[in-house]
Amino acid sequence: MKIHEYQAKAMLREFGVPVPRGEVASTPAEAREVATRLGGRVVVKAQIHAGGRGKGGGIKLADDPAGAEAVARSILGMRLKTPQTPPEGIEVTRVLVEEASAIRQELYLSVTLDRARATPVLMASEAGGMEIEEVAATSPGKILREWAHPANGLQPFQARALAFGLGLSGDLFKAAVAAILNLYQCYLAKDCSLAEINPLVVTTTGRLLALDAKLNFDDNALFRHPEIRELRDLNEEDPLDVEASAFNLNYIKLHGNVGCMVNGAGLAMATMDIIKLAGGEPANFLDVGGGASAEQIENAFRILSSDASVRAVFINIFGGILRCDRLAEGMIAAVRKLGLRLPVVVRMEGTNVELGRQMLAESGLALITADDMADGARKAVAHAQDVRS
């Protein structure tokens, strides 16, 4: 789950990470009022769940409250397009009006999970304000890393090593050490999957500030954080993603034409790979999970068929916890209820697979069976191309 910048900064402030003064506004008049309270010169920043806002015209400087009102009027209501938004962009419904800062240096700081080492890793760089992926690819030596101990956590000496590596000294060094430790505590306490400050700036007056902030959260831990669940902005998410989450389905929209229904994230990745190897493009990632009911499978079918880009459906299921007969029951009910006309290719193996295949064969429905994953991918891609042409 993602939240907006202004929400992330409010949370960081609770943990002692220094952030600029600012307030959110949803109208130009409110932006003017906030700028007045902040003393005049402000930055007006579009609030959407995507990076690259400045390049898309979503971040602008205003010298006075009247300018803040004018800038907010130009940003609010626009469909902001960045490399991280859908092609049609995202409509801006609110802006963060924040005190302007004279920047002397831009740094980078983040905490995320290193899956290979099974522990959080802190990353810092003097190349703040840039795409960290680009820095990692072209100048990996500029990224400093410290791994938290799984039991003992992040130690003060590690925070000092990062601050020293950033070239800071004196009061700025002390402020950076505190910010690093506090960001790590926020990451742990809120069950984040990512806590990122880019840029972390040094101002001309010698202040250290989190000029931008991003917090992403582990969906599986949200039951512990009702206060975070309340921050979810459904307007920032694809409607099909929202609908899928209501039925405990994991759905991610992609740009192809082969709809994928699988059980398990690893199988989903393998399915998408084999569709591409067969010359096609997956239209989605839809994981029904290990214990899906017939009702969940029916809803999964409905979500897939609601996507106008889907031209064929590939069902690739390994029946471990999810029995193949239950899958077949859900598929038959869904196809009959929805009157599905899309080609549906089914490959399933595992518990009760023979019973499941028998149910499909006796259903009288035009379902296409596959011998294995490769066969299923080839058939799904071929039918998607036939329908498209």
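Tutor: Strands (E, at least two residues) and helices (H or I, at least four) are DSSP runs, numbered from the N terminus. Two strands pair if DSSP finds at least two bridges between them. This is a predicted model, in which local features need pLDDT of at least 70 and side-chain atom pairs count only at pLDDT 80 or more, whereas totals for chains, interfaces and linings use all residues. Residues are numbered from 1 along each chain as its sequence is written, and side-chain values use heavy atoms, with hydrogens and water left out.

Student: In what order do the six strands of the open sheet lie?

Tutor: The order is β13-β15-β14-β16-β17-β18, with mixed pairing. Because β13 (250-253) and β18 (367-369) each have a single partner strand, they stand at the edges, and one side of each lacks a neighbour in the sheet.

Student: How many bridges join β17 to β18?

Tutor: Three bridges link β17 (residues 344-350) to β18, and the two run parallel. V344 is placed opposite L367 of β18.

Student: What is a nonpolar core?

Tutor: In soluble globular proteins, nonpolar side chains tend to be buried together. A core is a set of buried (under 20% relative accessible area, 1.4 Å probe, protein chains only) Ala, Val, Leu, Ile, Met, Phe, Trp, Tyr and Cys residues joined through side-chain atoms within 4.5 Å. Here the largest has 41 residues, of which L12, L168, I180, I197, L215 and F217 touch the most other members. Helix α6 provides the largest share of this core, 10 residues. Another core, of 32 residues, lies apart from it and includes M261 and L340.

Technical notes: Buried < 20%, exposed > 50% of the residue type's maximum accessible area, 1.4 Å probe, protein only.
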